[in-house]
Amino acid sequence: MASDMRSPLAHAMGLGSAKKGVGHWRAERISALALVPLTLWFVASIIAHTGSDYATFIAWLRTSIATVAMILLLIALFHHTALGLQVVIEDYVHSEVKFVAVIAVRLGCFALGAAGIVAVLRIAFSG
Amino acid sequence: MSNSTARRPRPLSPNIQIYRPQLTSVLSIVHRITGVLLSGFAVWLVVWLSAAATGPRAYAIVRGVTASWIGQTLLLAATFAFFLHLCGGIRHLVWDTGRGFKLRSIYVSGWSMVAASVVLTAATWAAGLFVAAR
């Protein structure tokens, strides 16, 4: 019961469209909370590396903290993006295109997140 | 409910363009728009990391695009969109705890997040230009 925020009566009566709304809402907030420090770290790091050359940039990204933080950023960012874009699509698209668009966004975010993580790992473990 | 009932034109609320834009409604849609824009920026992040993983030549191409005037303009827009979405998001998280719903609080937090976004964007670019000029 504690895992969703509906009242015991609403839970017993099965109210709610797909019973997934609270989970979506909560995941959007938790990923947002994670993104506050991660994105601020990212912006600060980019400022610090403005104008630095390839070798310096790679050396930075190979440090454990930068590797881990960048991977966490990619996970939180694309999870949040998928959740957010899904709500935007559901609010404005009312045809069958909606389902295709939501699935495309989901798969696209998954692919981009995976590609980003692989890129970071390739840099971290290269040479 | 039968199909004929569902297809009958339902009364619609007045169209949005007849309303005077207010800080509350403008910031609401701005949060959405910046969120969608930042999705595009997230794609750029992956392209940038992939180029860095590929090698110096690929990285130089992505850097060249970013350093061009159009790249810098988009990056500036992305910075402002990021801070608007960040500050707006924090405002939403405060609202989610049930606080800050007095009309005055809503306007104070609204103008504060706009001011904070402008200041943080300016500070970020000033710091970046300072580091680059070192």
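This is a predicted model: local features need pLDDT of at least 70, side-chain atom pairs count only at pLDDT 80 or more; totals for chains, interfaces and linings use all residues.
What radius of gyration does chain B have, and what would a compact globule of 134 residues have?

Chain B has a radius of gyration of 21 Å. A compact globule of 134 residues would come out near 14 Å. Along its principal axes, chain B spans about 65 × 45 × 30 Å.

Chain B is built with five helices and zero strands. Read from the N terminus, its elements go α-α-α-α-α.

How much of chain B is buried? Buried residues are 19% of its 134 residues. Now take the contacts in chain B with a separation of 6 or more. Of these, 69% are between residues 24 or more positions apart.

Chain A has five helices and zero strands. Its order from the N terminus is α-α-α-α-α. Along the principal axes, its C-alpha atoms fill a box of roughly 60 × 35 × 25 Å.

What share of the 127 residues in chain A is buried? The figure is 17%.

Contacts in chain A can also be sorted by sequence separation. Consider those between residues at least 6 apart in sequence. Among them, 65% join residues at least 24 apart.

Methods. Residues are numbered from 1 along each chain as its sequence is written. Chains are lettered from A and ligands numbered from 1 in the order in which they are written. Helices (H or I, at least four residues) and strands (E, at least two) are DSSP runs, numbered from the N terminus. The radius of gyration is taken over C-alpha atoms; the globule rule is 2.2 Å times the number of residues to the power 0.38. A residue is buried if 20 or more other C-beta atoms lie within 10 Å of its own, exposed if 12 or fewer, and partly exposed in between; C-beta atoms are placed from the backbone. Two residues are in contact if their C-beta atoms, placed from the backbone, lie within 7 Å.
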